[in-house]
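User: Please walk me through this structure, one feature at a time. Give me the general idea first, then the case at hand.

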Amino acid sequence: MNEQTLSTRLERVAAHVPAGARLADIGSDHGYLPVALMRRGAIVAAVAGEVALTPYRAAMRTVHENDLQTRICVRLADGLAAIEAQDGISAISLCGMGGETIRDILEDSKARLNGQERLILQPNGGEQPLRQWLMRNDYRILCEEALRENRFDYEIIVADRTGPVIYTDEELYFGPLLMQARTPAFLDKWQRALRRKQRTLAGFTRARQTMPEEKVQDLTRQIRWISVLLNACEKAHPGHFTG
Ligand code: SAM
(Lines give C-alpha, C1' and ligand atoms only; values in the text may rest on other atoms or scores of the structure.)
Protein backbone atom coordinates (compact mmCIF):
# COMPACT_ATOMS: atom_id res chain seq x y z
CA MET A 1 0.00 0.00 0.00
CA ASN A 2 1.11 3.58 -0.69
CA GLU A 3 -0.40 6.96 -1.54
CA GLN A 4 -1.11 5.78 -5.10
CA THR A 5 -2.48 2.36 -4.35
CA LEU A 6 -4.53 2.28 -1.18
CA SER A 7 -5.56 -0.94 0.55
CA THR A 8 -9.12 -2.04 -0.21
CA ARG A 9 -10.04 -0.91 3.30
CA LEU A 10 -8.71 2.62 2.85
CA GLU A 11 -10.07 2.75 -0.70
CA ARG A 12 -13.56 2.10 0.70
CA VAL A 13 -12.99 4.78 3.37
CA ALA A 14 -11.89 7.17 0.60
CA ALA A 15 -15.17 6.54 -1.23
CA HIS A 16 -17.09 7.97 1.75
CA VAL A 17 -15.17 11.26 1.89
CA PRO A 18 -17.41 13.89 0.27
CA ALA A 19 -16.04 15.43 -2.94
CA GLY A 20 -14.35 18.77 -2.25
CA ALA A 21 -14.04 18.11 1.48
CA ARG A 22 -11.60 19.75 3.82
CA LEU A 23 -10.48 16.56 5.54
CA ALA A 24 -8.87 15.96 8.92
CA ASP A 25 -7.38 12.46 8.96
CA ILE A 26 -6.63 11.74 12.60
CA GLY A 27 -4.17 8.92 13.26
CA SER A 28 -2.99 9.29 9.69
CA ASP A 29 0.21 7.21 10.02
CA HIS A 30 1.91 7.55 6.58
CA GLY A 31 -0.69 10.04 5.45
CA TYR A 32 -1.69 7.79 2.56
CA LEU A 33 -5.41 8.59 2.74
CA PRO A 34 -5.24 12.42 2.52
CA VAL A 35 -2.38 12.32 0.00
CA ALA A 36 -4.19 9.83 -2.27
CA LEU A 37 -7.38 11.91 -2.12
CA MET A 38 -5.50 15.12 -2.86
CA ARG A 39 -3.59 13.54 -5.78
CA ARG A 40 -6.96 12.57 -7.27
CA GLY A 41 -8.37 16.06 -6.77
CA ALA A 42 -11.07 14.62 -4.53
CA ILE A 43 -10.48 17.00 -1.60
CA VAL A 44 -9.37 20.64 -1.42
CA ALA A 45 -7.38 20.73 1.83
CA ALA A 46 -6.35 18.35 4.58
CA VAL A 47 -4.86 18.02 8.00
CA ALA A 48 -3.00 14.81 8.83
CA GLY A 49 -2.88 14.42 12.62
CA GLU A 50 -0.53 12.04 14.40
CA VAL A 51 0.21 11.55 18.07
CA ALA A 52 3.40 9.54 17.58
CA LEU A 53 6.65 10.86 16.20
CA THR A 54 7.57 8.06 13.77
CA PRO A 55 4.22 8.05 11.89
CA TYR A 56 4.19 11.87 12.04
CA ARG A 57 7.57 11.91 10.24
CA ALA A 58 6.30 9.28 7.78
CA ALA A 59 3.27 11.50 6.97
CA MET A 60 5.57 14.52 6.54
CA ARG A 61 7.68 12.52 4.10
CA THR A 62 4.67 11.37 2.03
CA VAL A 63 3.33 14.92 1.84
CA HIS A 64 6.71 16.39 0.83
CA GLU A 65 7.45 13.65 -1.71
CA ASN A 66 4.16 14.54 -3.39
CA ASP A 67 4.84 18.28 -3.11
CA LEU A 68 1.57 18.81 -1.26
CA GLN A 69 2.82 20.77 1.76
CA THR A 70 0.72 23.81 0.83
CA ARG A 71 -2.47 21.70 0.73
CA ILE A 72 -1.92 19.16 3.49
CA CYS A 73 -0.82 20.24 6.94
CA VAL A 74 0.78 17.50 9.04
CA ARG A 75 0.47 18.09 12.78
CA LEU A 76 1.88 16.26 15.77
CA ALA A 77 -1.11 16.29 18.10
CA ASP A 78 -3.32 14.12 20.26
CA GLY A 79 -6.67 13.38 18.61
CA LEU A 80 -8.78 16.32 17.47
CA ALA A 81 -6.21 18.78 18.90
CA ALA A 82 -4.73 18.58 15.38
CA ILE A 83 -7.73 20.58 14.11
CA GLU A 84 -7.76 24.36 14.28
CA ALA A 85 -10.87 26.50 13.74
CA GLN A 86 -9.38 28.22 10.69
CA ASP A 87 -8.91 24.84 8.95
CA GLY A 88 -12.64 24.84 8.16
CA ILE A 89 -12.70 21.08 8.37
CA SER A 90 -15.81 19.49 6.81
CA ALA A 91 -14.96 15.80 7.26
CA ILE A 92 -12.97 13.84 9.81
CA SER A 93 -11.63 10.34 9.26
CA LEU A 94 -10.49 8.13 12.13
CA CYS A 95 -9.39 4.78 10.79
CA GLY A 96 -7.46 1.68 11.77
CA MET A 97 -7.82 2.11 15.54
CA GLY A 98 -9.97 0.25 18.05
CA GLY A 99 -13.55 1.51 18.34
CA GLU A 100 -12.98 2.45 21.98
CA THR A 101 -9.90 4.48 21.02
CA ILE A 102 -11.87 6.32 18.34
CA ARG A 103 -14.67 6.93 20.85
CA ASP A 104 -12.21 8.26 23.44
CA ILE A 105 -10.60 10.59 20.88
CA LEU A 106 -14.03 11.98 19.97
CA GLU A 107 -15.15 12.25 23.60
CA ASP A 108 -11.91 13.81 24.90
CA SER A 109 -11.97 16.68 22.44
CA LYS A 110 -15.57 16.99 21.40
CA ALA A 111 -15.40 20.71 22.14
CA ARG A 112 -13.37 20.92 18.91
CA LEU A 113 -16.26 19.52 16.87
CA ASN A 114 -18.58 22.16 15.48
CA GLY A 115 -21.17 19.55 14.52
CA GLN A 116 -20.91 20.22 10.80
CA GLU A 117 -18.16 17.69 10.14
CA ARG A 118 -19.01 14.35 8.57
CA LEU A 119 -17.40 11.53 10.54
CA ILE A 120 -15.92 8.65 8.55
CA LEU A 121 -14.91 5.99 11.05
CA GLN A 122 -13.24 2.65 10.47
CA PRO A 123 -12.86 0.94 13.81
CA ASN A 124 -10.91 -2.29 14.21
CA GLY A 125 -13.42 -3.90 16.60
CA GLY A 126 -15.29 -2.03 19.36
CA GLU A 127 -18.02 -0.92 16.93
CA GLN A 128 -20.75 -1.16 19.60
CA PRO A 129 -19.26 1.38 22.06
CA LEU A 130 -18.44 3.65 19.15
CA ARG A 131 -22.06 3.57 17.87
CA GLN A 132 -23.21 4.20 21.43
CA TRP A 133 -21.09 7.36 21.55
CA LEU A 134 -22.54 8.47 18.21
CA MET A 135 -26.10 7.97 19.46
CA ARG A 136 -25.43 9.76 22.77
CA ASN A 137 -23.99 12.70 20.90
CA ASP A 138 -26.82 13.07 18.37
CA TYR A 139 -25.03 11.52 15.39
CA ARG A 140 -27.15 9.64 12.87
CA ILE A 141 -25.47 6.80 11.01
CA LEU A 142 -25.81 7.57 7.30
CA CYS A 143 -23.94 4.70 5.82
CA GLU A 144 -22.26 1.50 6.98
CA GLU A 145 -20.14 -1.00 5.18
CA ALA A 146 -18.61 -4.36 6.10
CA LEU A 147 -15.59 -5.68 4.24
CA ARG A 148 -12.90 -8.29 4.55
CA GLU A 149 -9.28 -7.90 3.57
CA ASN A 150 -6.29 -10.10 4.37
CA ARG A 151 -8.46 -12.28 6.64
CA PHE A 152 -9.59 -9.31 8.74
CA ASP A 153 -13.17 -8.10 8.98
CA TYR A 154 -13.63 -4.33 8.94
CA GLU A 155 -16.56 -1.99 9.30
CA ILE A 156 -16.89 1.58 8.09
CA ILE A 157 -19.38 3.89 9.81
CA VAL A 158 -20.31 7.28 8.36
CA ALA A 159 -22.24 9.71 10.55
CA ASP A 160 -23.52 13.28 10.69
CA ARG A 161 -24.72 15.21 13.74
CA THR A 162 -28.39 15.67 12.92
CA GLY A 163 -30.13 15.64 16.33
CA PRO A 164 -31.41 13.04 18.76
CA VAL A 165 -31.56 9.51 17.42
CA ILE A 166 -32.37 6.23 19.12
CA TYR A 167 -30.91 2.85 18.22
CA THR A 168 -31.85 -0.45 19.85
CA ASP A 169 -29.24 -2.58 21.60
CA GLU A 170 -29.16 -4.93 18.60
CA GLU A 171 -28.73 -2.00 16.20
CA LEU A 172 -25.80 -0.73 18.25
CA TYR A 173 -24.29 -4.21 18.20
CA PHE A 174 -24.73 -5.10 14.50
CA GLY A 175 -25.07 -1.63 12.98
CA PRO A 176 -28.55 -0.29 12.14
CA LEU A 177 -27.93 -0.20 8.40
CA LEU A 178 -25.71 -3.26 8.21
CA MET A 179 -28.37 -5.41 9.86
CA GLN A 180 -30.88 -4.25 7.26
CA ALA A 181 -28.62 -4.65 4.22
CA ARG A 182 -27.21 -8.02 5.34
CA THR A 183 -24.50 -8.12 2.69
CA PRO A 184 -22.46 -11.32 2.19
CA ALA A 185 -19.43 -9.72 3.93
CA PHE A 186 -21.60 -8.85 6.94
CA LEU A 187 -23.20 -12.31 7.16
CA ASP A 188 -19.87 -14.10 6.75
CA LYS A 189 -18.38 -11.96 9.53
CA TRP A 190 -21.16 -12.86 11.94
CA GLN A 191 -21.12 -16.52 10.98
CA ARG A 192 -17.43 -16.64 11.90
CA ALA A 193 -18.08 -14.63 15.07
CA LEU A 194 -20.86 -17.04 16.08
CA ARG A 195 -18.56 -20.05 15.83
CA ARG A 196 -15.88 -18.21 17.82
CA LYS A 197 -18.29 -17.17 20.56
CA GLN A 198 -19.83 -20.65 20.78
CA ARG A 199 -16.35 -22.10 21.27
CA THR A 200 -15.61 -19.50 23.96
CA LEU A 201 -18.90 -20.22 25.74
CA ALA A 202 -18.17 -23.94 25.72
CA GLY A 203 -14.83 -23.13 27.40
CA PHE A 204 -16.64 -20.88 29.90
CA THR A 205 -19.14 -23.61 30.69
CA ARG A 206 -16.36 -26.11 31.39
CA ALA A 207 -14.66 -23.64 33.80
CA ARG A 208 -17.88 -22.18 35.24
CA GLN A 209 -16.60 -21.76 38.80
CA THR A 210 -13.93 -19.27 37.77
CA MET A 211 -16.00 -17.36 35.21
CA PRO A 212 -18.10 -14.34 36.29
CA GLU A 213 -21.79 -15.11 35.68
CA GLU A 214 -22.24 -11.68 34.14
CA LYS A 215 -19.69 -12.50 31.43
CA VAL A 216 -21.40 -15.81 30.65
CA GLN A 217 -24.77 -14.07 30.37
CA ASP A 218 -23.37 -11.38 28.10
CA LEU A 219 -21.83 -13.96 25.77
CA THR A 220 -25.04 -16.04 25.81
CA ARG A 221 -27.03 -12.95 24.80
CA GLN A 222 -24.64 -12.16 21.95
CA ILE A 223 -24.88 -15.75 20.68
CA ARG A 224 -28.69 -15.53 20.81
CA TRP A 225 -28.74 -12.25 18.85
CA ILE A 226 -26.36 -13.56 16.19
CA SER A 227 -28.25 -16.86 15.87
CA VAL A 228 -31.59 -15.06 15.46
CA LEU A 229 -30.11 -12.78 12.79
CA LEU A 230 -28.47 -15.61 10.85
CA ASN A 231 -31.53 -17.88 11.13
CA ALA A 232 -33.74 -15.13 9.73
CA CYS A 233 -31.32 -14.75 6.81
CA GLU A 234 -31.16 -18.48 6.25
CA LYS A 235 -34.98 -18.55 6.06
CA ALA A 236 -35.02 -15.67 3.58
CA HIS A 237 -32.14 -17.06 1.48
CA PRO A 238 -31.95 -20.83 2.04
CA GLY A 239 -28.56 -22.37 1.33
CA HIS A 240 -26.46 -19.24 1.89
CA PHE A 241 -24.64 -20.82 4.79
CA THR A 242 -22.72 -23.82 3.72
CA GLY A 243 -20.01 -23.98 6.36
N1 SAM B 1 -5.35 5.69 9.68
C2 SAM B 1 -4.34 4.82 9.11
C3 SAM B 1 -4.99 3.61 8.49
O4 SAM B 1 -6.18 3.39 8.72
O5 SAM B 1 -4.31 2.87 7.76
C6 SAM B 1 -3.33 4.39 10.16
C7 SAM B 1 -3.84 3.45 11.21
S8 SAM B 1 -2.61 3.12 12.43
C9 SAM B 1 -2.91 1.45 12.79
C10 SAM B 1 -3.21 4.03 13.83
C11 SAM B 1 -2.51 5.36 13.97
O12 SAM B 1 -3.25 6.15 14.89
C13 SAM B 1 -1.11 5.23 14.53
O14 SAM B 1 -0.20 5.82 13.65
C15 SAM B 1 -1.18 5.95 15.87
O16 SAM B 1 0.02 6.64 16.18
C17 SAM B 1 -2.34 6.90 15.64
N18 SAM B 1 -3.03 7.33 16.87
C19 SAM B 1 -3.44 6.57 17.90
N20 SAM B 1 -4.01 7.34 18.85
C21 SAM B 1 -3.98 8.62 18.39
C22 SAM B 1 -4.42 9.87 18.91
N23 SAM B 1 -4.97 9.96 20.10
N24 SAM B 1 -4.22 10.98 18.16
C25 SAM B 1 -3.63 10.90 16.94
N26 SAM B 1 -3.19 9.74 16.41
C27 SAM B 1 -3.37 8.61 17.11
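Predicted model: local features only at pLDDT ≥ 70, side-chain atom pairs only at ≥ 80, totals over all residues.

User: How many helices and strands does the chain have?

Analyst: Helices (H or I, at least four residues) and strands (E, at least two) are DSSP runs, numbered from the N terminus. Here there are 9 helices and 7 strands.

User: What does the radius of gyration say about the chain?

Analyst: The radius is taken over C-alpha atoms, and the globule rule is 2.2 Å times the number of residues to the power 0.38. For 243 residues, a compact globule would come out near 18 Å; the chain has 20 Å, which agrees. Along its principal axes, the C-alpha trace spans about 60 × 35 × 35 Å.

User: What share of the residues is buried?

Analyst: Buried means under 20% relative accessible area, exposed over 50%, and partly exposed in between (1.4 Å probe, protein chains only). Buried residues make up 49% of the 243 in the chain. Next, contacts: heavy atoms within 4.5 Å. Of the contacts with a separation of 6 or more, 67% join residues 24 or more positions apart.

User: How many positive and negative side chains are there?

Analyst: Lys and Arg count as positive, Asp and Glu as negative; His and the chain ends are not counted. Each charge is placed at NZ of Lys, CZ of Arg, CG of Asp or CD of Glu. The chain has 32 positive and 31 negative side chains, and the centres of the two sets lie 5 Å apart.

User: How many salt bridges does the count give?

Analyst: A salt bridge is a side-chain nitrogen of Lys or Arg within 4 Å of a carboxyl oxygen of Asp or Glu. The count comes to 14.

User: Which parts does the bridge between Glu 144 and Arg 131 tie together?

Analyst: The two side chains meet at 2.8 Å, N to O. Glu 144 lies in strand S6 (residues 139–149) and Arg 131 in helix H5 (residues 127–136), so the pair ties together parts that are 13 residues apart in sequence. Glu 144 is buried at 11% relative accessible area. Arg 131 is buried too, at 0%.

User: Where does Glu 155 lie?

Analyst: Arg 131 and Glu 155 meet in a salt bridge at 2.6 Å, N to O. This pair links distant parts of the chain: Arg 131 is in helix H5 and Glu 155 in strand S7 (residues 152–161), 24 residues apart. Glu 155 is buried, as is Arg 131. A network of salt bridges links Glu 127, Arg 131, Glu 144, Glu 155 and Lys 189.

User: Are Arg 148 and Asp 153 buried or partly exposed?

Analyst: Arg 148 is partly exposed at 37% relative accessibility. Asp 153 is partly exposed at 23%. Their side chains form a salt bridge at 3.1 Å, N to O.

User: Which residues does Ala 146 touch?

Analyst: Not counting residues up to four places away in sequence, Ala 146 touches Tyr 154, Glu 155, Leu 178, Ala 185 and Phe 186. Ala 146 is in strand S6 and is buried at 12% relative accessibility.

Technical notes:
Residues numbered from 1 in each chain as written. Heavy atoms only, no water.
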